[in-house]
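Hi,

Here is the structure I promised to pass on. Have a look at it first, and then read my notes below.

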Amino acid sequence: MIKERMKQLRNEMKRQEIDYYIVPSDDFHGSEYVGEYFKCRQFITGFTGSSGTAVIWKDGAGLWTDGRYFLQAEEQLSGSGITLFKMGEAGVPAVPEFLEQRMGAGECAGVDGRTVSASWIRRLSEMLEKKGASVRTDVELIGKIWNDRPPRSCSPVWMLPEIQGESCEDKTELIRCDMKREGCDLLILSSLDEIAWLFNMRGNDTACCPVALAYAVVGMQEIAVYMQEKALTKETRSVLQKRGVCIHDYEQIYEELSAAVQDKTVWADHDQLNAALAGRLKGAASVLEQESPILKRKAVKSRSQLQRIRDAHVKDGVAVTRFLCWLKDHIGHERITEISAAKKLEEFRRAQEGYLMPSFEPIMAYREHGAIVHYAADMASDMELAPEGLLLMDTGAHYREGTTDITRTVSLGQPDAQQKMHYTMVLKGNLRLAAAKFQYGCSGENLDILARQPLWNAGLDYRHGTGHGVGDLLSVHEGPQAIRWRHIRGKEAVVLEEGMVISDEPGLYLHGKYGIRLENLMVCEKREKNAYGQFMGFEVLTMVPFDREAIALELLDGTDRKLLNDYHRHVYETLVPYLDKREAAWLKEITKEI
């Protein structure tokens with residue numbers, strides 16, 4: 001089947017005089033997760049992982065994906081004639097470098113410009129021009145051969161209540177102030193979570209993120225949204241119109257944008273805006289390509305938002321704690337696998353009022369699978385759990401009140417001395433970062449060492465960031481705030497502001513053995529202000545106990561013990577009113593003072 005699809009695609013490439021055709025995983029908005037309609041890369045390769053890029057040429061094809069999917073990709077690509085390029089491995093070029101190396105003068109690469117960012121295409125174009133090669137962004141070839149393509153999602157949108165300080169009008173006023181400061185007439189938005197935030201609008205057009213397919217153009221007087229009209233009821237349409245929003249059909253953005261930007265100063269984030277839309281900005285007087293002003297506005301949550309988010313974490317804490325109690329009781333007495341455990345946890349979450357959906361694909365990773373940082377179980381890899389070894393669980397949920405993301409690693413039997421030592425090092429890093437007190441003006445780069453120091457002292461480390469921002473009923477991976485020690489070249493360090501929600505997730509991964517990660521979400525808050533300046537700290541939002549049985553108590557100093565005891569006391573007092581007697585007794589035992 002895949003070989004036949006490749007043959008059909010190459011015929012289309014020949015007609016269009018395309019030598020290399022690029023098929024990304026993205027939708028038209030650069031979303032982390034995409035709907036079935038947009039899974040062109042999956043269609044042409046047969047690879048079902050959520051991340052990857054395919055490149056097809058006359059006598060070959062390649063698939064680029066990351067370490068989460070190496071085993072899965074090898075199996076699914078077997079016999080297809082598609083070569084696996086393992087991203088991040090030594091000697092493996094990224095897609096632009098691969099094309100630069102292979103393409104010769106006069107050759108042409110093609111891609112649907114709606115599925116790649118303007119900045120990515122600019123970089124590729126500059127690289128190919130040096131070789132006398134080129135790239136076209138006006139060729140959508142997969143649709144020509146995908147006869148049974150699923151329809152584009154068009155789920156009904158729903159509106160959040162308008163709260164003082166959080167209304168569409170309030171947000172629009174703030175954004176227009178940002179535009180005026182930069183001397184811009186128009187702001188072009190294509191990121192679905194930014195549009196959802198601005199209009200207080202939610203939907204169900206992408207997996208794991210409650211957003212609706214849309215574009216928006218914000219002017220100093222008018223504001224327009226381009227979306228699928230069937231997604232609007234009379235009530236939601238009326239709400240948007242009362243908020244001063246002009247509604248246009250989703251597809252019209254490509255026809256109308258060129259005229260709208262004529263002689264205007266336009267703000268468009270080219271890291272987000274797709275290349276096809278960027279091509280419609282040629283008539284603008286000038287284009288400001290810096291990041292959208294919504295990015296930082298959205299990252300700072302209001303007091304009312306934070307109260308709702310706290311409520312979401314209580315609900316999630318109840319669900320995850322019930323699951324942990326159930327797991328400890330049932331392990332070894334019935335068949336439980338990685339996939340069935342994830343489904344069971346989902347059951348506990350569904351029982352909570354206001355639950356909507358997972359906030360990302362669950363990671364339920366047993367034994368050596370835990371060493372794969374972003375492992376995703378499938379039918380081929382689904383491992384049965386036994387009353388021994390470590391289980392790493394990284395999961396999250398969207399509730400009406402907000403978004404959660406939590407990782408717990410638990411021992412399913414009696415952990416050995418090394419496992420307890422490593423677990424305790426990671427736990428200490430988590431607790432110490434959460435307890436940080438720092439001057440306003442610090443970024444996550446200043447604080448990262450607090451989480452890594454217990455591991456660094458032992459010559460150990462983990463190869464991922466320590467923290468990422470989290471949205472409010474939006475993307476679970478939200479910028480611009482982050483906690484990491486490596487500085488990203490060309491990017492400013494982002495100051496941690498009051499109201500920013502961020503994760504705290506140190507880890508340790510031993511290839512072929514096990515992985516440990518412990519993650520809580522926190523909100524940055526103000527502490528005292530004195531002659532030295534404004535001090536800041538964190539409030540921990542996640543309400544789930546750590547695994548007492550996996551802790552090497554002798555490795556905790558007095559401060560560590562107090563931090564753990566204080567956290568566990570808070571967890572117990574918060575959750576016990578919602579648990580039955582058996583669950584409450586289990587929680588009391590696992591959170592008792594050490």
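The angles themselves run from 0 to 180 degrees between N-to-C directions, with axes being lines fitted to C-alpha atoms, for helices over the stretch in contact. Helices (H or I, at least four residues) and strands (E, at least two) are DSSP runs, numbered from the N terminus.

Before the findings, a word on the source: this is a predicted model, where local features need pLDDT of at least 70, side-chain atom pairs count only at pLDDT 80 or more, and totals for chains, interfaces and linings use all residues. Residues are numbered from 1 along each chain as its sequence is written, and side-chain values use heavy atoms, with hydrogens and water left out.

**A helix pair**

Helix α13 (residues 303–330) packs against helix α14 (residues 338–350) at an angle of about 135°, and their axes are 8 Å apart. α13 and α14 are therefore oblique to each other. On the α13 side, the contact (heavy atoms within 4.5 Å) is made by residues including Phe-323 and Trp-326, and on the α14 side by residues including Leu-345 and Phe-348.

**The cores**

A nonpolar core is a set of buried Ala, Val, Leu, Ile, Met, Phe, Trp, Tyr and Cys residues joined through side-chain atoms within 4.5 Å. Buried means under 20% relative accessible area, with exposed being over 50% and partly exposed in between (1.4 Å probe, protein chains only).

The largest core has 76 residues, and Phe-323 and Phe-438 are among those that touch the most other members. Helix α13 gives this core its largest share, nine residues. There is also a second, separate core of 57 residues, which includes Tyr-37 and Ala-214.

**Two buried residues**

Where does Leu-564 lie? Leu-564 is in helix α17 (residues 558–575), and it counts as buried because its relative accessibility is 2%. Leu-564 and Leu-427 are 137 residues apart in sequence, yet 9.0 Å apart in space, C-alpha to C-alpha. Leaving aside neighbours within four places in sequence, Leu-564 is in contact with residues including Leu-427, Phe-546 and Ile-594.

Val-225 has its place in strand β11 (residues 223–227). With 0% relative accessibility, Val-225 counts as buried too. Apart from neighbours within four places in sequence, its contacts include Phe-199, Ala-214 and His-248.

Cheers

Definitions and conventions:
Parallel < 35°, antiparallel > 145°, perpendicular 65-115°, else oblique.
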